[in-house]
Amino acid sequence: MQRKLVGNMKLLIKEALRKIKLTFGRFLSVFFIVALGVGFFAGIRNTSDDMLFTVSSYFADKNLMDFRLVSTLGFTDADVEILKQMPSINDVEGSHYIDCLESSKAVRILGITNKINQLTLVDGRNPKNNKEVLADATVYEVGDELTLNTPELKETKVKVVGTVKSPMYIQFNNKGTTLIGNGKISGFLYTLESNFSTNVYTLIYLTGKDTASLRAYTQEYQASIEKLETKMTDALDQLKMRRYNEIKTEARQKIEDAKQKIEEEKEKYRIELETVKNNLDQTNKKLQKTDKEINEKEYALNQEFKQANQELLLAKKTLAQKTAEYQKNVEKYNQYKAYLECVEYIYAYDHFPDLSKMTDEEIVFYLLNLSEEDIHQFLEYMQQGDFSIELPEIDYNDKEAVKTYLETVFNSEIMQEIRKNIDFTNKEDLLKQFQKLVKDMEIKLDNAKEEIAKASNLLQEKEQFLNKKKKESQSALVKYKKEIETGYKQLEDGYREYEINYEKFEIQFKDAYTKINQQIKQVDEIEKPNIYVFTRKDNAGYEEYKSDTTRVNNISKVFPIFFLLVAALVCLNTMSRMVEEDRGQMGIYKSLGLKNRQILFTYILYATVATIFGSIIGLLLGCTILPNVIYNIYSFMYVLPNLKLENNFFTMIFTTILMFVVTLSITMYTALSVLKNTPASLLRPKAPAKGKKVLIEKISFIWKRLNFSFKVTTRNIFRYKKRIFMTIVGIAGCTALTLAGFGLKDSITGIIKKQFNTITKYKATIVLDHSYQELDKDMKEVLENNGITNPTLIYQELYNYKIKDKNNDVYLVVPSNINEMKQYITLQHRKDKEKVDFSDDGVIITEKMALNLNAGIGDFITIYDTNKKEYQVKVKEITENYAYNYIYLTNTYYEKIFDQKVNYNMVISGIDENKNIDQISESLLNTNKVLNVSFIEDILEKFNDMINNLNKIVLVILICSCLLAFVVLYNLTTINITERIREIATLKVLGFHDKEVSLYVYRETMILTILGALVGLFLGIFLHQFVITSAEMEFIMFQRNINSISYVYAFLVTILFSLIISVFTHYKLKKINMIEALKSVE
Amino acid sequence: MSYIDIKKLKKVYKMGEIEIKAVDGVNFSIDKGELVVILGPSGAGKTTILNILGGMDTATSGQVIVDGKHVEKLSRKELINYRRYDIGFVFQFYNLVQNLTALENVELASQICTNPLNAEDVMKEVGLEERKNNFPAQLSGGEQQRVAIARAIAKNPKLLLCDEPTGALDSKTGKSILELLQKTARTMGMTVIIITHNSVIADIADKVIQVKNGTIAEIKINKKPTDAKEISW
Ligand SMILES: Nc1ncnc2c1ncn2[C@@H]1O[C@H](COP(=O)(O)OP(=O)(O)OP(=O)(O)O)[C@@H](O)[C@H]1O
Ligand SMILES: [Mg+2]
């Protein structure tokens, strides 16, 4: 029994193998369709998993952080230690980062970490000292020399010795934002930790223990992260407290130190000033003393001189008295002399009485009694005589007058004196006496004169000496006084300086004190630090990658199911057909006594072999080629390692089993439904599918007019309902896929043309070195001299808007001149091309942004500046745009919203077509008046790269759909032929030409193909819509419609395949041996 | 020179090492308008001869001359044309196109010929005027064979080749088929060759060719062939 079974088994296997050999074409078609369906399904399905796997194992390899802590007060090693103590934490590493400008671009400089976020060296080597850095491989090259504009590094002139990629920043063109430069980080530099001036860490990276084994992006990972975050709360509070206290004590200590230092300095300074003051005071005292002494001396001298003068004056007076006396004596002498002469005269005359005996009165009387003549004579004599006596002009006749006169003379003092000294009685001697008297007098006078002269001389001498002495002492005094004066002046200066210094000192210390007070206040005001916990989600590109894989996943939800469906259909068709064909054979087996399951076994084996081998080949090819192709396409946006296939056996096995189950159940179902019959009925040929009239025949006037072959075709088409369905679905699927592929290409390619030919027409954007209110003549000249044409000034700044909490870029644009800008940027509605106008109470936003925000005209939207400040703007218009998002607004509205004047910072322009853009850029930058120049040409190139990549995906889809179309058509035709081989042989026998036979068979396929293709075109529109919306990126709006030529292409591609198949069929038909075909009993 | 001349006809099938001489040097000739029956046991080579004569198969060697045409020298395309214009085939299992009505099956053949007979007339001729719009599945075996004969006749061929036309039919129906064939040969002057291993049928023929093991055993000329109506088996 056992042996028999084994023998049967062997027989059955042999039988199955024979069947495969016999129906190899059919076997191949099952094999290929399974391979294609399974390969494509599993391949595309696996792609997103593989992509996630690649990245998550990259993250695991490089020990990507789970958390990034940033504190408002920074961290120290103590903080790191505290975190290290936590049992649920694996690695903790403190590090630094700073953002700074490197040749006007914003770069982020990070410390090179050891354990967490390990870098992958792309080129070069690791740095050995602070002068060497690692750099972002997407931006820099080994050997680049950079100057970093930051005070926070010890070494700012650095050289790139290696280029790297980091698991932290996986996106090519999104490296995060910063507050400096244009707000976008252009690249990363990694320097040794020792290059940072401060020991206080800017951030701490953490990895969890539990998370280490978990894959990034999974829910488990997310849950684990969240758990860890709650666990960390206490530790973070501890960190906050510790750091807070540390900072405070540190600050206080610092202040205390500063205070002490200031006090010390103050004291020192005060002492210094005091000595200066003391010295000054002493000098002052000395000066005052000297001053006093000199004054005293002067006084004494003056006193001395005064006395001397008085003495001199007295001497002078005496001298003057003496001189006066002498003068008087001289006068007296002269009188005496006159009287002597008179006397001599009288004596000479001799007739005159002796006068000496007479009294005066007697003399006067005598004289009066003299005759007139006598008197006259006397007087005349007297007058004529050389007397010094003045004789009055008197009337000598008037006795009385003469008498008066004479009396006066006689009574005069001198007469009296004379009378005293002369003894008038002695008449003889009278003259002598007179003479003697005069002589004595003369001698006396001479003596007096001599004496006076002597005294006068002495006096003069004395006076001269005094004067000399006075002069000498006076000049000495003047000199002293001058000295004192300068002394005082110097002293005054000294005091003044002292005062100034003192004042300065006061201010300086007052400042120092206020500063310290401020610091104290600041320290008092220090708040407990905030520690921000960032997760991987906050890393630039982390989430984007996820959404990109989701996008692939989305695509993989539609396309492959289509494939699988079509593949299942083909299998169904093929297997059921085979079973049908084999009914006679089955009858024989059955009549020979084989059990149903034994007979079934052959078919199961057949299907199994086809499915398993097809699956294996499909999986081998699909799961390697598709993920690689798609990953490569995405890899241009990311900086990642090569694809790592995860070999998600689940999907693979699932797909295989699914396919297997489908094929097998189809096979079993059809086989069993045949085997249900008795052997006898099986052996009887099955009644061929009955001919039936089709609906159209009932309208006989049309039917009659129809061409015979058309009638046949029409009837044939409706002969096998299953085949109509199969063909139409299969072909429609392929056409839909093809159309979606072409449409995707259109949608992607079209936007470039539309964006850069019709919407943005400027050729260059130039960021100016500072903001302008208008483009002045100089600047204009600078631009125009460097290959820029028709520049117009605009304001452009990066803002953000949120889609489900995710930040997205949008550029705010304010034209300085609306008309000038309109030359360069077309604002219009997409559908009706109606131009859009600016208004002062709202903004114009781009269509994709409106879609993203689900915003319509009149709605308010929220945008954020780089400081996360929120602004509400009103949407006034929505404009056609495909690449990037923009908000256009007037300066009036800008001022209203932002409450400040517009600072125009950018120029958009055309360029001189004769100049090379590199030249233009270089010469412009050399003017030092612009910060950055970018050209549409470059952007176009970038876009073209992207589009080329996307086109590759499209090509993959196209190729796969074509393959599918091919297999489906092949399969259908093959079945069609085998099914109708007798009919075909009959036609051949009847003498139909090969072409006629082919046409007879193929006409219907062609019609079904066209029908299917038309249905496919219709389906394709929806498929395209779905693919577009799931493949679209936030900042790109794909063209929504499919170009009409693509419908033609998709249609033609299907027809082309149909034709290729028809050629193939033609030869197959030609080869049909009519004798053999007809020999067998149907 | 007869209407049909077959000289030293050989057909060898090579099955690997083994050579099967299906036809091994056959010579015979048939005149125009003759009704010929080829008789022989199973495996004798009757079908092979007929197929070669009908341009469905090619000879290994020898000559097949039909109305002065060297069939063995015809190219593939010429063979198709030969089949198309000169030959009408009737098979044991009718081989009607199931999707076409009886009339349409006839038209299928007649529409490709240069001077076909009117399909409706032929249908009348074979006595199926009433059933012409029925599909083969709706007809009995005999009726189907009539349609098959009608289809062959409608082409107005030079030769009507029938490979065991009654093989699948009861004797009564078979007889009516033979009547039809005999009538065709007689009234239309068509050369008809019928294969059978029923020697009774041989009586209706003008010429009976006995085939044995690929060779002609005997060629018998029936001076007075019996009417098909009169035979029975
Ligand atoms: N295609 C072929 N390959 C190999 N041998 C063949 C082939 N066709 C026919 N034969 C062989 O040629 C011989 C003649 O066959 P043929 O069909 O002519 O016989 P037949 O006389 O028509 O017999 P039957 O009355 O049974 O139909 C047979 O022995 C057959 O086995
Ligand atoms: Mg035969």
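These notes cover chains A and B of a predicted model, point by point.

1. The contact between the chains. Chain B contributes 28 residues to the contact and chain A contributes 30 residues. The size of an interface is often given as the accessible area lost when the parts come together. Here, chain B and chain A bury about 2700 Å² between them, and carbon and sulfur atoms account for 61% of that area. There are 2 salt bridges between chain B and chain A. In a salt bridge, the side chain of A:Asp994 meets that of B:Arg76, with an N to O distance of 2.8 Å.

2. Chain B as a whole. Chain B is built from 6 helices and 10 strands. It has 233 residues, and 55% of them count as buried. Taking contacts in chain B between residues at least 6 apart in sequence, 72% join residues at least 24 apart.

3. B:Leu50. This residue sits in helix 1 of chain B, which runs over residues 46-53. B:Leu50 counts as buried because its relative accessibility is 0%, the cut-off for buried being under 20%. Apart from neighbours within four places in sequence, B:Leu50 is in contact with B:Phe89, B:Leu161, B:Cys162, B:Asp163, B:Ile193 and B:Ile195. B:Phe89 lies 39 residues from B:Leu50 along the chain, and the C-alpha atoms of the two are separated by 9.7 Å.

4. B:Thr166. Here the residue is in a loop of chain B, between strand 7 (159-163) and helix 6 (171-188). Not counting residues up to four places away in sequence, it touches B:Gly174, B:Ile177, B:Leu178 and B:Ile201.

5. A:Ser48. In chain A, A:Ser48 belongs to helix 2, residues 24-61. Its relative accessible area is 4%, so A:Ser48 is classed as buried. Leaving aside neighbours within four places in sequence, A:Ser48 is in contact with A:Thr549, A:Val552 and A:Asn553.

6. Strand 2 of chain A. Strand 2 covers residues 89-95, and 6 of its 7 residues are buried. It pairs with strand 10 of chain A (residues 201-208) in the antiparallel sense, over 6 bridges. Within chain A, A:Asp91 stands opposite A:Thr207 of strand 10.

7. Strand 3 (residues 97-102) has two faces: A:Ile98, A:Cys100 and A:Glu102 make up the covered one, while A:Tyr97, A:Asp99 and A:Leu101 make up the uncovered one. Strand 3 of chain A pairs with strand 4 (residues 105-111) in the antiparallel sense, over 6 bridges. A:Asp99, on the uncovered face, stands opposite A:Arg108 in strand 4. The two strands form a hairpin with 2 residues between them. A:Ser103, in the turn, has a positive phi of about 40°.

8. Positive phi elsewhere in chain A. Most residues other than glycine have a negative phi. A:Asn790 has a positive value, near 45°. This residue lies in strand 13 of chain A (residues 788-803) and counts as exposed, at 52% relative accessibility. A:Asp899 likewise is not a glycine and has a positive phi, of about 60°. It is found in the loop between helix 21 (891-898) and strand 19 (904-911) of chain A. With a relative accessible area of 68%, A:Asp899 is exposed.

9. A nonpolar surface patch on chain A. Which residues form the nonpolar patch on the surface? They are A:Ile612, A:Ile616, A:Ile617, A:Leu620, A:Leu621 and A:Ile625. Together they have about 510 Å² of accessible area. A:Ile616, one of the six, is placed in helix 12 of chain A, residues 596-635. A:Ile616 is described as partly exposed because its relative accessible area is 43%, between the cut-offs of 20% for buried and 50% for exposed.

Technical notes
Residues are numbered from 1 along each chain as its sequence is written. Chains are lettered from A and ligands numbered from 1 in the order in which they are written. This is a predicted model: local features need pLDDT of at least 70, side-chain atom pairs count only at pLDDT 80 or more; totals for chains, interfaces and linings use all residues. Side-chain values use heavy atoms; hydrogens and water are left out. Patches are made of residues with over 30% relative accessible area and no salt bridge: like charges are joined within 9 Å, nonpolar side chains (Val, Leu, Ile, Met, Phe, Trp, Tyr) within 5 Å. Accessible areas come from the Shrake-Rupley method with a 1.4 Å probe; for residues, only the protein chains shown count as cover. A salt bridge is a side-chain nitrogen of Lys or Arg within 4 Å of a carboxyl oxygen of Asp or Glu. Helices (H or I, at least four residues) and strands (E, at least two) are DSSP runs, numbered from the N terminus. Buried means under 20% relative accessible area, exposed over 50%, partly exposed in between (1.4 Å probe, protein chains only). Two strands pair if DSSP finds at least two bridges between them. Contact means heavy atoms within 4.5 Å. Buried area is the accessible area (1.4 Å probe) that two parts lose on being put together, summed over both.
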